[in-house]
Amino acid sequence: MSKTTPQHRPQKQARTIIWFGLGEKSLTERGTVRTRLLWGRISILLIVLFSGAWMAKSVGLYFFFKNVRNFEDVTFVSMLGYPFNRGEVRRNQGDYQVDQAFIAVEEGDFRRAMSLAQQGVARSPGNQRGRMLLIDIYAGWQPQLALQLLESGFQYFEGDIDYLRRYAQMLLFMREDEQLLDLAARVLPSEPVINDYNKLLAMAAMRAAVNIGDYERAHLLFNAYKLDDTAEGVILAADLLSRLGRRSEGITLLEQFAMRFQTSDIDSVLASLASHYREQGMFQQAVDIGLTRSLRRPLDWQPRLDLLVTYQKMEAKDRITRELESLSNQFRRDERAMTAIGQMATDLGDVEAARRIYEIALENNFSTAVFGLLFIEAHITSHRFAEAIAFFDELTRENPTWIREFEAVFNSMRALAYHGIGNRELGDFYVRETLQSRRINPITMLSVGQRFVRMGMPEQGRLLMMEAFRREPANEQLLARIIEVNLDLGESRTMTDDVETLLGLRRTSYDLLRRLLTELGSDRFIFTEQREQLVDRLQNVLSTETSIELEFRLRPVPSSI
C-alpha cells in the first residue's frame, strides 16, 4: 500500500498596521519582517494637515489685520491667498487707511489723519487721493516734504494734468527752476506735440527759464508749443520783454491779445496790461483798464483794488479816499476783501480808513489779530508812533487769547514804534526779540527791515533782512535788498560772497546788476575782494542776457475761405 505525501499550500502573510495607520509590517516567507509606508494615507494626512494649518494661518491673519492693524475691510478670502497676494493686500490696506484719513479730516482729527495718510501712501503709493492729502498737509508746514512726495509720485501719475499742474507749481514755489527744466526735457517729446498736458508743462518750463535768465529757451518753448494763444504765455512774454528794457513791445503784445481773444482769463491779461501801463507812466490808460475791469466784474473787489494802486501812483488822494470808503462799505461782510482793503489803507498810511476797517472787523467778528495789526501798521506808516504804542498797551492790558500767537509780529511793530519815538533801548530790545523768534516769516521780517531803512535806520533793517535771508537762502529778493542796503552804506566786507550768491539764484532786477557794476568800478568799493572778477561776471551777464534779440508775436489769424 502506497503512502501519499501531503501537499503544502502557501499561507497568507499576516499584516499589522503600524504608525497610526501610516505604515504596515508583515512577515515574509523567509520569516523576516517587512515594513512598508502607506503613501496614499500619508498624502491624504499631509493634505489634511496642510489645509488645517493654512486655514489656521488665514484665520489668524484675518483677525490680526482686522483687530491689530485696524484693517476693517480685510476679507477672509484675501487672507486665504496670503502671502502670494501680499502686494494686493498691502495696497488694499493702504487704500483703506487713506479712506480713514479722510474720515478723520471730517471729524477734525488732523493728527490722526496725517498718520493714517502717511501709512496709507507708504502701503499704496499709487493712491492719488492719499498722496494729495499729504501734500496739502505738508505744503504750508514743510514744503520740501510736499515736493518730495510730488516727485516720487510722478511715476504713478504721469499723464495726469492736475498732478502735473500741482507738481510744477510746487517746483516754482520752491525755486527749483533747473529741476523743472529737467522734467520738461525728459517728458516733452523731441518733436513738439500740441496738447493740454504738453502746453502746461511747456508753460511752466518757460516761466522757469525766464526766472534763471535763459531767455532763448523761453522763446523756443513759447513758439514750439504755440503759447501765444494763452493768457499766461503772453503775460510771461510781456514780462520777459520788460526785463530786457522793451516794455513798450510787451504792452503792444498784451494789447493785441486783449483785442483778439475774449477768453475766461482775459482779466489777468488786462490786470497785467494795467501794471505795465503804470510802470511806463501811462496812468490814464491804466485807469481806463481799471474801470473796464470794474464794469465787467462789478461784484469783485480785486479790479477796484488794482485801480486804487493806479490812483496811488498818480497821487490822487481824493480819489483814493472816496474809493476806500466805497469799497469798505460794499464789501464789509467779506473778510478776505476787507483784509486786502485794510492792507491798502495801511500801505497808504490812512489811519482813519484803517480805523474804520478795524471797527467793521469787530462788528463782523473777523480776525481781530489781523485787523489790529493792520491798524497799528497804518499808524507806523504815517509816523504816528506814540498812538501805535498806546494801542499796543491797550491790547496788552486786555490780553486777548490771540496776542500770543502773533506776539512775534507785534514785537516787530513795537521795534519800529519805539525807534520812531527815539527810544533806542526798547527799540533794540524788540529788534532782538524779533530776530530770535521762530514765529515770524522771512517776508514779514523783510517788510519790517525795509521800514527801518525808510525811517533812516539801515543797520537795524539790514540785521532783519540778513536773518530773513538766513531762514530762506534761496530767495533772491531778500539778498537783493541786503545788497542794496550795503551799497548805500558802502559796506564791502560781504559784497563778494553776496554777489556770487545772487548770480547763482533766480535772476533779479537788471537795474541792481547795473548799479553793482557801477559801484564796484568806483573808489567806494576799491578794497572789495575779487573786484575785477565780479566786474567781469556782471558785464558778462548783462551783455549776454540783455542784448539778446528775441521777437514775441501773435500768430496771424487764419483766413476764412
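**View 1. Lysine 226 sits in the loop between helix H10 (215–224) and helix H11 (231–243)**. Helices here are DSSP runs of H or I with at least four residues, strands are E runs of at least two, and numbering starts from the N terminus. This is a predicted model, in which local features need pLDDT of at least 70, side-chain atom pairs count only at pLDDT 80 or more, and totals for chains, interfaces and linings use all residues. Residues are numbered from 1 along each chain as its sequence is written, and side-chain values use heavy atoms, leaving out hydrogens and water. Lysine 226 isn't a glycine, yet its phi is positive, at about 50°. Most residues other than glycine have a negative phi. With a relative accessible area of 34%, lysine 226 is partly exposed (buried is under 20%, exposed over 50%, partly exposed in between, using a 1.4 Å probe and protein chains only).

**View 2. Glutamate 315 is a non-glycine residue with a positive phi, about 60°**. Look for it in the loop that joins helix H15 (302–314) to helix H16 (317–330). Is glutamate 315 buried or exposed? Its relative accessibility is 67%, so glutamate 315 counts as exposed.

**View 3. Helix H13 (residues 266–279) packs against helix H14 (residues 283–296), with axes that come within 8 Å and cross at roughly 160°**. Axes are lines fitted to C-alpha atoms, for helices over the stretch in contact, and angles run from 0 to 180 degrees between N-to-C directions. H13 and H14 are therefore roughly antiparallel (over 145 degrees; under 35 is roughly parallel, 65 to 115 roughly perpendicular, the rest oblique). H13 passes H14 in a left-handed crossing, meaning that the near helix is turned anticlockwise from the far one by less than a right angle (clockwise would be right-handed). H13 brings Ile266, Asp267, Leu270, Ala271, Leu273, Ala274, Tyr277 and Arg278 to the contact, and H14 brings Phe283, Gln285, Ala286, Ile289, Arg293 and Arg296. Contact means heavy atoms within 4.5 Å. Sorted by type, the residues of this contact are nine nonpolar, one polar and four charged (Ala, Val, Leu, Ile, Met, Phe, Trp, Tyr, Cys and Pro count as nonpolar, Asp, Glu, Lys and Arg as charged, and the others, Gly among them, as polar).

**View 4. Helix H19 (residues 368–381) and helix H20 (residues 385–398) pack at about 155°, their axes 7 Å apart**. That angle makes H19 roughly antiparallel to H20, and the crossing of H19 past H20 is left-handed. On the H19 side you'll find Gly372, Phe375, Ile376, His379 and Ile380, which meet Phe385, Glu387, Ala388, Phe391, Phe392 and Leu395 of H20.

**View 5. Helix H3 (residues 86–106) and helix H5 (residues 128–139) cross at roughly 45°, with axes coming within 9 Å**. H3 is oblique to H5 at this angle, and their crossing is left-handed. Val98, Asp99, Ala101, Phe102 and Val105 of H3 touch Arg129, Gly130 and Leu133 of H5. The contact of H3 with H5 holds five nonpolar, one polar and two charged residues.

**View 6. The largest nonpolar core has 157 residues**. Such a core is a set of buried Ala, Val, Leu, Ile, Met, Phe, Trp, Tyr and Cys residues joined through side-chain atoms within 4.5 Å. Leu180, Leu183, Met206, Ile376, Leu513, Leu516 and Phe552 have the most contacts inside it. Which helix gives the most to this core? Helix H9 (residues 196–211) does, with eleven residues. Zoom in on methionine 206: leaving aside neighbours within four places in sequence, it's in contact with Ala218, Leu221, Phe222, Leu227, Gly233, Leu236, Ala237 and Phe552. A second, separate core has nine residues, including Tyr62, Phe65, Phe71 and Val74.

**View 7. Asparagine 411 lies in helix H21 (residues 407–420)**. Asparagine 411 is buried, at 7% relative accessible area. Setting aside neighbours within four places in sequence, asparagine 411 is in contact with Tyr430, Glu433 and Thr434.

**View 8. Tryptophan 19 is in the loop between strand S1 (15–18) and strand S2 (23–27)**. Tryptophan 19 is partly exposed, with a relative accessible area of 48%. Apart from neighbours within four places in sequence, tryptophan 19 is in contact with Thr35 and Leu37. Tryptophan 19 and leucine 37 are 18 residues apart in sequence and 9.1 Å apart in space, C-alpha to C-alpha.
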